[in-house]
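Subject: Structure for you to look through

Hello,

Here is the structure I said I would pass on. Please open it first and keep it on screen while you read my notes below.

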Amino acid sequence: SPTRNNVVQMHFSTVDYVIFALLLVASSGIGLFYAFSGGRQRTTQEFLLADRSMSCLPVSLSLLATFQSAVAILGAPSEIYTHGTQYWFLGCSYFLGLLIPAHVFIPVFYRLRLTSAYQYLELRFNKTVRICGTVTFIFQMVIYMGVVLYAPALALNAVTGFDLWGAVLAMGLVCTLYTTLGGLKAVIWTDVFQTIVMFAGQLAVIVVGAHQEGGIAEVWRKARNGSRIAGLDLNPDPLERHTFWTLGVGGVFLMLALYGVNQAQVQRYLSSRTEKEAVMSCYAVFPCQQIVLTLGCLMGLVMYARYGEESPLDKGYHLPDMVLYFVMDVLGQLPGLPGLFVACLFSGALSTISSAFNSLATVTMEDLIKPHFPQMKESRATLISKALALGYGLVCLAMAYIASLMGSVLQAALSIFGMVGGPLLGLFCLGMFFPWANSIGAVTGLVAGLLMAFWVGIGSFVGRVSASAPLPPLNNDRSEFLPYNVTSMPSGLQALYSLSYMWYSAHNSTTVVLVGLVVSLLTGPMNEKELTPGTVYPLLGNLLFFLPERFREKLCCIMPLEDKVTNLQ
């Protein structure tokens with residue numbers, strides 16, 4: 001049946017439906033297993049932190065799966081197909097983006113024995129800063145969840161006619177079920193299972209697709225002839241969408257916002273048995289991330305080898321649907337394999353959403369409810385945490401509906417994530433590296449960062465929408481994202497709005513730190529004596545090691561990070 005724009009549709013076989021259903025059943029099964037075994041999720045410590053008993057491997061795969069969502073699985077190949085392999089240089093940012101969390105953020109968070117990353121903000125500043133951080137995070141995750149849930153369902157519906165809201169509801173409800181029943185342990189182990197499914201699905205497509213095109217060498221030759229293989233682009237212009245600098249340097253800030261201070265990831269570090277295992281799990285993510293990125297890029301190249309410039313986009317498909325169209329086209333004759341890829345896609349979505357539910361329940365419980373009811377019984381607290389996970393599950397379904405009214409999905413999700421993740425990263429950096437920053441500075445900085453983020457973000461979005469003439473999409477420039485003619489360079493505000501979305505995180509976190517420091521110095525900087533021990537990482541002390549101690553003392557940057565901080569709760 002032809003649907004929007006007379007798109008030709010393909011159909012799932014029974015085997016595909018069975019494989020897809022098996023994924024949902026297996027995920028629910030893992031959740032039920034942890035609901036009825038072990039401590040049966042009777043304490044908040046077990047429900048929210050898996051009893052701090054997880055080993056390195058499941059934690060690292062879970063860290064990987066959390067942000068390896070369906071948006072990325074659909075987004076990376078279509079990015080490579082349309083713009084070439086420049087995007088692959090994002091891999092350079094993973095190195096610093098994971099080393100810094102491993103050696104700076106994890107030791108600080110782990111030694112303070114926190115449950116929520118935002119407890120840190122109260123220990124370092126005060127309660128107001130903590131609540132501001134928590135509310136900002138809740139806002140960020142709720143929006144992101146909707147996009148993550150809706151994107152794969154939309155693509156599936158466009159290509160196979162699979163019922164759109166049926167898919168959204170199936171995913172949302174299964175996810176809510178195992179997160180609410182099985183707690184963080186269930187979330188981490190389902191992530192492990194889903195990561196394996198993701199790898200299998202992508203590999204199947206690449207192997208079969210490359211084989212049909214005559215081998216990987218032939219794929220590479222076609223991509224090279226179509227000038228899809230990009231060299232190192234060292235253009236320093238921050239307005240270029242993807243260059244080595246925007247991806248390799250801007251990407252570091254995006255990675256820090258994800259792997260350094262995002263509650264969903266911090267919670268996994270904190271669930272590790274020891275600090276060393278937490279650091280090791282962060283290290284283990286590095287090779288996995290590179291593999292995931294490479295798989296996405298290879299898939300984009302195989303796609304290009306198959307279609308060349310005769311894009312499925314001409315048949316009325318939209319960019320995110322293109323990957324699924326290609327999958328159905330390549331694997332359509334092999335019953336079961338399209339189902340595997342769709343399972344891979346939905347695994348990405350499930351792992352991201354379940355982490356969001358769990359981390360949202362954690363911060364709401366620890367930061368917004370517990371402080372008001374210090375006498376609350378453990379059983380009651382656990383029950384409320386489960387109710388919160390359930391509640392956020394329903395909110396997520398509502399957000400998916402709102403996402404259905406939004407436009408370009410990958411860019412939207414990443415931009416929102418960068419918009420809000422950047423200021424939060426700035427807030428933690430302000431507290432961790434600058435001992436003299438005070439709470440007034442922190443709140444003012446965060447507000448300034450968020451205002452800046454939304455001003456630039458909304459400005460660029462409005463600019464794109466009001467773009468009059470459509471520009472040719474396949475040039476390797478910023479044309480499809482920007483309102484102005486490529487020949488005329490933007491100036492003033494227009495230039496700010498055309499900033500590459502990869503710089504959002506860096507730009508916004510820097511705003512927070514600068515504003516925060518200026519305000520702190522004007523309103524009376526904090527003294528090193530007033531700080532809670534263990535909340536400041538001696539970054540400046542390490543950088544300015546050549547200065548005599550009395551100068552460093554004046555700058556208040558010699559406080560060492562304590563090895564064993566006593567429990568401060």
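Two residues are in contact when they have heavy atoms within 4.5 Å of each other. The model is a predicted one, in which local features need pLDDT of at least 70 and side-chain atom pairs count only at pLDDT 80 or more, while totals for chains, interfaces and linings use all residues. Residues are numbered from 1 along each chain as its sequence is written, and side-chain values use heavy atoms, with hydrogens and water left out.

Confidence

pLDDT is the predictor's confidence in each residue, from 0 to 100. Its average over the protein is 82, and 88% of the residues score at least 70. Residues 468-487 stay under 50, and the model gives them 34 contacts beyond four places in sequence. The pLDDT is also below 50 over residues 564-569, a stretch with 13 contacts beyond near neighbours in sequence. Where pLDDT is low, the predicted coordinates should not be read in detail.

Overall make-up

The protein has 21 helices and zero strands. Both are DSSP runs numbered from the N terminus (helices: H or I, at least four residues; strands: E, at least two). Of the 569 residues, 61% are buried. Buried means under 20% relative accessible area, exposed means over 50%, and partly exposed lies in between (1.4 Å probe, protein chains only). Among contacts with a separation of 6 or more, 84% are between residues 24 or more positions apart.

Helix α4 covers residues 70-83, 14 residues in total, and its first and last C-alpha atoms are 20 Å apart, close to the 20 Å expected at 1.5 Å a residue. The expected span is 1.5 Å times one less than the number of residues. In α4, 13 of the 14 residues are buried. After α4 comes G84, with a positive phi near 90 degrees.

Two helix pairs

Two packed helices are described by the angle between their axes and the distance between the axes. Axes are lines fitted to C-alpha atoms, for helices over the stretch in contact, and angles run from 0 to 180 degrees between N-to-C directions.

Helix α5 (residues 91-111) packs against helix α11 (residues 263-270) at about 70 degrees, with the axes 10 Å apart. The two are therefore roughly perpendicular. That word covers 65 to 115 degrees; under 35 is roughly parallel, over 145 roughly antiparallel, and the rest oblique. On the α5 side the contact involves P101, I106, F109 and Y110, which meet V266, Y269 and L270 of α11. By class these are seven nonpolar, no polar and no charged residues. Nonpolar means Ala, Val, Leu, Ile, Met, Phe, Trp, Tyr, Cys and Pro; charged means Asp, Glu, Lys and Arg; the others, Gly among them, are polar.

Helix α1 (residues 14-35) and helix α8 (residues 164-212) have axes 7 Å apart, at an angle of about 100 degrees. This pair, too, is roughly perpendicular. Its contact has 16 nonpolar, six polar and one charged residues.

Two valines in α19

V519 sits in helix α19 (residues 504-522), and V515 is also placed in α19. Which of the two counts as buried? V519 does, because its relative accessibility is 17%, whereas V515, at 26%, is partly exposed. Leaving aside neighbours within four places in sequence, V519 is in contact with I440, G441 and T444. The C-alpha atoms of V519 and G441 are 4.8 Å apart, although 78 residues separate them in sequence. V515 and T444 are 71 residues apart along the chain, with 7.1 Å between their C-alpha atoms.

Regards
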